[in-house]
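Please read these notes with the model open beside you. They go point by point.

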Amino acid sequence: MVSRKATALIAGALVLASAPVFAQEALLVTNVGPEGEAIYIEDGVVVDLDGRDMSPFEGKTVDAGGAYATPGLIDMHVHVWGEAELSAYLAHGVTTVRNMSGMPFHLAMAEQIKAGTLEGPNLFTSGPILNSPGPNAQINHVMVSSAEEARAAVRAQHEAGYTRVKLYSNLTGEAFAAALEEARALGMAVTGHPVEGAREEGIPLERDFLVPISQTLAAHFETIEHTESLAFHGLRSQLDREAGEALVDEIVASGSVVTPTLVAHRNLVRVAQSDGAYALRPGVELLNPVIQTTEAENIAAWASRDPADERARAEFYSWMTGVMHSAGVPLVAGSDAGIFTNIPGDALLDELELLVEAGLTPSEAIAAATTTAAQVLDEDGRLGCMEAGCVADIVFTACDPRAYISCLRHPVALLRAGRWYDEAGLATLREQAAQHDVERIVEDLVSGMDAQGTPLDPAMLGM
Ligand SMILES: [Zn+2]
């Protein structure tokens with residue numbers, strides 16, 4: 001009798017020329033790196049080879065061809081909208097993502113991925129974004145202004161199954177304090193933008209924000225998002241290096257972790273510099289087509305913008321990120337992939353290059369997308385690592401990314417929880433990544449927005 005596992009393997013082999021090896025099988029990856037090391041995996045987890053006699057080996061063996069191994073990358077700031085994007089992350093070596101504007105379908109997705117019934121990166125998610133009315137409000141934000149509304153919203157997210165709350169720039173001081181208190185009481189992590197309070201007349205150029213940056217720094221966020229937002233709030237949008245250094249001192253003293261997301265601003269500049277051509281580059285077919293309809297206006301606006309000012313801003317954010325790093329602010333890599341023209345997976349590789357440009361060594365940039373990120377997620381020793389006990393999430397490259405970060409651009413193989421993808425397997429992922437199930441995406445968005453009490457007009461999506 002053929003076992004169920006074997007039947008599945010045969011069925012898989014009929015569909016794909018290079019069926020991934022199933023995680024339950026023991027797997028020995030030989031010929032790893034210039035030293036020709038071996039990685040032994042059982043149940044999707046790296047096992048110590050110490051003292052084991054591997055011959056004769058009963059499981060499956062694959063040859064890494066001397067490729068360099070790096071822990072699978074963690075993107076700490078993404079927006080996932082559909083299953084195709086999950087393949088895009090894997091195809092680029094990103095094996096863990098933190099989604100930053102959650103809807104109920106993300107919770108279901110995360111469960112399926114965990115159970116192994118859906119192929120994708122480990123998925124962490126915040127709840128829906130909490131904000132108050134103001135210039136930064138967006139249609140998918142849950143609006144709360146009073147303490148009572150903020151508390152109720154955090155409780156509702158906790159009941160829905162979310163474990164982290166995302167706060168946004170225009171949140172009022174009252175709602176901010178209440179959301180923090182409620183999240184703490186419920187054991188939820190808090191992350192997001194520096195909270196500025198209502199943007200009244202004359203703020204920030206003539207007078208300071210209603211909620212000072214010190215309140216966000218004192219709030220012990222899981223991470224504070226965007227160097228750009230820190231500079232906007234902490235420096236009242238002035239590109240003043242002396243004030244920037246003083247702000248960095250405050251950030252260091254607070255012990256805060258920062259997700260710079262340099263690529264998010266840089267892509268605005270690239271679109272402006274190219275009169276929009278950048279938003280049509282190869283790879284944009286991996287962007288969710290439903291969300292792209294909502295971004296079209298924004299992309300067109302940036303395409304017609306004069307890039308001169310923004311170039312100076314980009315330089316400042318890069319400088320400030322380098323200063324934060326050398327001052328000892330822990331940085332994690334995040335890309336804001338899934339919105340604007342930030343391609344899932346590819347945008348994290350951009351971000352790593354920008355972190356190196358900002359002054360991190362390639363190894364330090366990799367740490368921002370592996371060990372440091374795993375620590376922040378409370379997953380150290382399990383994710384972002386390759387030692388015994390770590391989930392076998394490993395990306396293989398032809399050259400050494402610790403010497404040259406762009407080596408990560410061309411993975412030659414991938415392990416995801418012990419599943420082996422060779423070059424053909426990666427190419428299949430890349431093909432899947434461009435196949436968007438539009439009907440399903442619209443359905444998930446509409447029901448998600450409904451569940452959070454901000455019903456969506458399908459006309460917004462061009463439907
Ligand atoms: Zn974002």
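1. The chain has 16 helices and 17 strands. These are DSSP runs, numbered from the N terminus: helices are H or I with at least four residues, strands are E with at least two.

2. This is a predicted model; local features need pLDDT of at least 70, side-chain atom pairs count only at pLDDT 80 or more, and totals for chains, interfaces and linings use all residues. Residues are numbered from 1 along each chain as its sequence is written.

3. Check the confidence. pLDDT is the predictor's confidence in each residue, from 0 to 100. The chain averages 92, and 94% of the residues score at least 70. Residues 1–22 stay under 50. The model has 20 contacts for this stretch beyond four places in sequence. A contact means two C-beta atoms, placed from the backbone, within 7 Å. Where pLDDT is low, predicted coordinates should not be read in detail.

4. Now the overall form. For 463 residues, a compact globule would have a radius of gyration near 23 Å; the chain has 22 Å, which agrees. That radius is taken over C-alpha atoms, and the globule rule is 2.2 Å times the number of residues to the power 0.38. The C-alpha atoms fill a box of roughly 75 × 50 × 45 Å along the principal axes.

5. The chain is divided into domain 1 (4–63) and domain 2 (70–380 + 443–461). Such bounds come from an automatic or database domain assignment. The domain centres, taken over C-alpha atoms, are 36 Å apart.

6. How much of the chain is buried? Buried residues make up 49% of the 463. Buried means 20 or more other C-beta atoms within 10 Å of the residue's own; exposed means 12 or fewer, and partly exposed is in between, with C-beta atoms placed from the backbone.

7. The largest nonpolar core has 122 residues. A nonpolar core is a set of buried Ala, Val, Leu, Ile, Met, Phe, Trp, Tyr and Cys residues joined through C-beta atoms within 7 Å. Leu-130 and Ala-373 are among those with the most contacts inside this core. Another core, of six residues, lies apart from it and includes Leu-268 and Ala-279.

8. Pro-455 counts as exposed because it has 10 C-beta neighbours inside 10 Å. Beyond four places in sequence, Pro-455 touches Met-449 and Asp-450. Asn-140 is 315 residues away along the chain, yet the two C-alpha atoms are separated by 8.9 Å.
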